[in-house]
Amino acid sequence: MNMHCMSLEHKMPRITGGLRITGGVNIGPTTGGATLPVLRWDPTFVNYGTMAVQLDNNNTTVFDVAPGDYTLIGTNAIPTTGAWMFSVRMDYNIDAELPDIGGYVGLGTRSFDPTHALGNDNQSFGFSDTGLAFFNGSSVESGFPQFNVNSPVIIDIAVLNGDYVWIRVNGGDWNGSSSSNLLDGTGGFQIATMTGFSELYPMVTTAGTMGPTQFDILPTSPYGVPSGVTFFNQYTPAAKSLNWSGIYWEPVPVGQQNHIDIVYNNWDGSPIYVKNI
């Protein structure tokens, strides 16, 4: 008689309610250590009206699929206290009809108009690829670093206390000045009084009649993060108590050592298995 052997390896049901270590055990760290990306392009606005953009790479990439100006907003607002920065990589399709590219990078609220370029309304502020700053439908300043140059381009945006703003292109000077100081506002362009924004979301505009234009959210800037500035696309989780969510016993075939698996929840809710206890 042909018989199939049944595997002896199985797991017992999780202990109801689990266990908790009295007093808790820090699994931090509160500073340093691993970081996780938190910034994405918000898919809420992708199919807004006649917008013709698509998201890719877990919503870290946006590109246009038709001519026009389309603005996308990030999923998280930059804190309005402290010095922060975020970075995007702009790329575009090079063809015989270029230069006819376009793009804007900036900040704004969730009440922006996604079917127009940044700075077209009073809910967004943007730096254009030609070195202009736009707000409420008008150019409010000029002479900023340009990014209508050879693709790809790395664009860094820095914000101090929700007010002073800088742009850096391909690792050049912030706002085109070697004396800029992201910690005291030197060389920064003030937007708080002008815009009255109570929130600041990272934003980009794909623009132009050719393309496509593409923006990728970067996990860090390849040109470095200045001392004292926090890179917005990453954070370090605070230390939390170690929560045991279950204990498992796994019988194994004869000749191998039995072991117990202890399972607890990591700071992000994912299970971690500690074996051979």
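**Figure 1. Phe189 and its stacked ring partner, Phe125, in the predicted model.** Phe189 counts as buried in this predicted model, because its relative accessibility is 14%, which falls under the 20% cut-off for burial. By the rule applied to ring centres, the count comes to 9 aromatic pairs. In one of them, the rings of Phe125 and Phe189 have their centres 5.7 Å apart and their planes at 20°, so this pair is stacked. Phe125 belongs to strand E8 (residues 124-128) and Phe189 to strand E13 (residues 189-190), so the pair ties together parts that are 64 residues apart in sequence. Phe125 is likewise buried, with a relative accessible area of 0%. Ring pairs also link Phe125 and Phe189 with Phe127 and Phe144 into a cluster.

**Figure 2. An edge-to-face pair formed by Phe135 and Phe197.** The aromatic pair of Phe135 and Phe197 is edge-to-face, with 6.0 Å from centre to centre and 70° between the planes. Distant parts of the chain are linked by this pair, since Phe135 is in strand E9 while Phe197 is in the loop between helix H1 (192-195) and strand E14 (201-207), 62 residues apart. Phe135 counts as buried at 9% relative accessibility, and Phe197 counts as buried at 13%.

**Figure 3. Arg110 over the ring of Tyr201.** In this view the side chain of an arginine meets an aromatic ring: Arg110 lies over the face of Tyr201, at 5.7 Å from the ring centre.

**Figure 4. The hairpin of strands E3 and E4.** Strand E3 (residues 53-56) runs antiparallel to E4, and 4 bridges join the two; within this pairing, Gln54 stands opposite Phe63 in E4. The two strands form a hairpin with 4 residues between them, and in the turn Asn57 has a positive phi of about 55°. Asn58, whose place is in the loop between E3 and E4, also has a positive phi, near 60°, although this residue is not a glycine. Asn58 counts as exposed, because its relative accessibility is 58%. In a regular strand, side chains alternate between the two faces of the sheet. Strand E4 (residues 61-64) is covered on both faces, with Thr61 and Phe63 buried on one side and Val62 and Asp64 buried on the other.

**Figure 5. Asp216 in strand E15, beside strand E4.** Strand E4 also pairs with E15, in the antiparallel sense and over 3 bridges, and the bridge partner of Thr61 in E15 is Asp216. Asp216, found in strand E15 (residues 213-217), is buried, with a relative accessible area of 10%. A polar contact of 3.0 Å joins the side chain of Asp216 to that of Gln214. When residues up to four places away in sequence are not counted, Asp216 touches Asn57, Thr60, Thr61, Ser87, Val88 and Arg89; among them, Asn57 is in the turn of the hairpin formed by E3 and E4.

**Figure 6. Asn136 in the loop between strands E9 and E10.** Asn136 lies between strand E9 (133-135) and strand E10 (138-141), in the loop that separates them. Asn136 has a positive phi of about 55°, although this residue is not a glycine. With a relative accessible area of 47%, Asn136 is partly exposed.

Definitions and conventions
Residues are numbered from 1 along each chain as its sequence is written. This is a predicted model: local features need pLDDT of at least 70, side-chain atom pairs count only at pLDDT 80 or more; totals for chains, interfaces and linings use all residues. Side-chain values use heavy atoms; hydrogens and water are left out. Buried means under 20% relative accessible area, exposed over 50%, partly exposed in between (1.4 Å probe, protein chains only). A polar contact is a pair of N or O atoms within 3.5 Å; within protein, one must be able to donate a hydrogen and the other to accept it, and residues adjacent in sequence count only if both atoms are side-chain atoms. Contact means heavy atoms within 4.5 Å. Two strands pair if DSSP finds at least two bridges between them. Rings of Phe, Tyr and Trp (its six-membered ring) pair if their centres lie within 6.5 Å; planes under 30 degrees apart count as stacked, over 60 as edge-to-face and the rest as tilted. A charge sits over a ring if NZ of Lys or CZ of Arg is within 6 Å of the ring centre and within 35 degrees of the ring normal.
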